[in-house]
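Visitor: Could we go through this structure together, one contact at a time?

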Amino acid sequence: ASQGVSVTHPTSNDIHITTNTPYSSNMEIFGDLYIENGATLTVTSTITFGPESNIYIESDSKLVLDGGTLTACGSKWQGVQVAGHLAIGFSTQLPGQIDLKNSAVIEKAIIGIDGTDLYSTVLYPLTFEFGGGIITVQNSYIQNCDIGIKLAPFGWGSIIGSGTPDE
């Protein structure tokens, strides 16, 4: 365990949250954590991640960090990826959502919260970067990250590799 945190559930496996779930015990996770199928994960404890670990918040799903902490076991972890939408008119799904409140902390990540998403076309060898994930931070902290919050334009965004932003 890192920094004197008492860990009750260490795991190196990927974790898939598919129903509403509370995490109130400290954990070490060395795989990836997926929140999917419209589930909400509520964290009120400390979760320590390995250097290659990510949290993926899929469409219609939510992470609530309510006074909890997401941190690294070593120097850095990858961070939180919030699913966005290419364009709201093309989908009935809601984007992914993250809420930080009550002195929640995300720290020691390469990208604390990544609100960008990628879409690759089938017809053309192009990848589009776009935003649209919902990020709410109230009385909380994103600290000691290489990038705190990364955002992209809502909608088509930019074409990766072309250097041409969609304005």
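Visitor: Which side chain does the side chain of Thr116 make a polar contact with?
Guide: Please note that this is a predicted model. In it, the side chain of Thr116 makes a polar contact with that of Asp114, at 2.5 Å.

Visitor: And where does Thr116 lie?
Guide: Thr116 is in the loop between strand E13 (109–114) and strand E14 (117–120).

Visitor: Is Thr116 buried or exposed?
Guide: Thr116 counts as buried because its relative accessibility is 5%, and buried means under 20%.

Visitor: Let us change topic. How many salt bridges does the structure hold?
Guide: The structure holds two salt bridges. One of them joins Lys62 and Asp99, whose closest N and O atoms are 3.2 Å apart. Lys62 lies in strand E8 (residues 62–66) and Asp99 in strand E11 (residues 97–101), so this pair ties together parts that are 37 residues apart in sequence.

Visitor: How accessible are Lys62 and Asp99?
Guide: Lys62 is partly exposed, with a relative accessible area of 25%, whereas Asp99 counts as buried at 14%.

Visitor: Which side chains meet in the salt bridge with Lys76?
Guide: The partner of Lys76 is Asp146, with 3.2 Å from N to O. Lys76 is in the loop between strand E9 (69–72) and E10, and Asp146 is in the loop between strand E17 (141–143) and E18, so the pair links parts of the chain 70 residues apart. Lys76 is partly exposed at 25% relative accessible area, while Asp146 is exposed at 51%.

Visitor: What about the rings? How many aromatic pairs are there?
Guide: The count comes to two aromatic pairs. Tyr34 and Tyr56 form a stacked pair, 5.0 Å centre to centre with 20° between the planes. Tyr34 belongs to strand E4 (residues 33–35) and Tyr56 to strand E7 (residues 54–57), 22 residues apart. Tyr34 counts as buried at 19% relative accessibility, and Tyr56 counts as partly exposed at 25%.

Visitor: Which ring pairs with Phe49?
Guide: Phe49 is stacked with Trp77, at 4.4 Å centre to centre and 15° between the planes. Phe49 is in strand E6 (residues 46–49) and Trp77 in strand E10 (residues 77–82), 28 residues apart. Phe49 is buried, with a relative accessible area of 0%, and Trp77 is buried with 0%.

Visitor: Finally, which residues form a nonpolar patch on the surface?
Guide: Val137, Ile149 and Leu151 form that patch, with about 270 Å² of accessible area together. Leu151 is found in the loop between strand E18 (147–150) and strand E19 (158–160).

Visitor: Why does Leu151 count as exposed?
Guide: Leu151 counts as exposed because its relative accessibility is 64%, and exposed means over 50%.

Methods:
Residues numbered from 1 in each chain as written. Predicted model: local features only at pLDDT ≥ 70, side-chain atom pairs only at ≥ 80, totals over all residues. Heavy atoms only, no water. Patch = residues over 30% accessible without salt bridge, like charges linked within 9 Å, V, L, I, M, F, W, Y side chains within 5 Å. Areas by Shrake-Rupley, 256 points an atom, 1.4 Å probe, with all protein chains shown as cover. Salt bridge = Lys/Arg side-chain N within 4 Å of Asp/Glu carboxyl O. Helix = DSSP H or I, 4+ residues; strand = E, 2+ residues; numbered from the N terminus. Buried < 20%, exposed > 50% of the residue type's maximum accessible area, 1.4 Å probe, protein only. Polar contact = N/O pair within 3.5 Å; in protein donor to acceptor, adjacent residues only side chain to side chain. Phe/Tyr/Trp six-rings, centres within 6.5 Å; stacked < 30°, edge-to-face > 60°.
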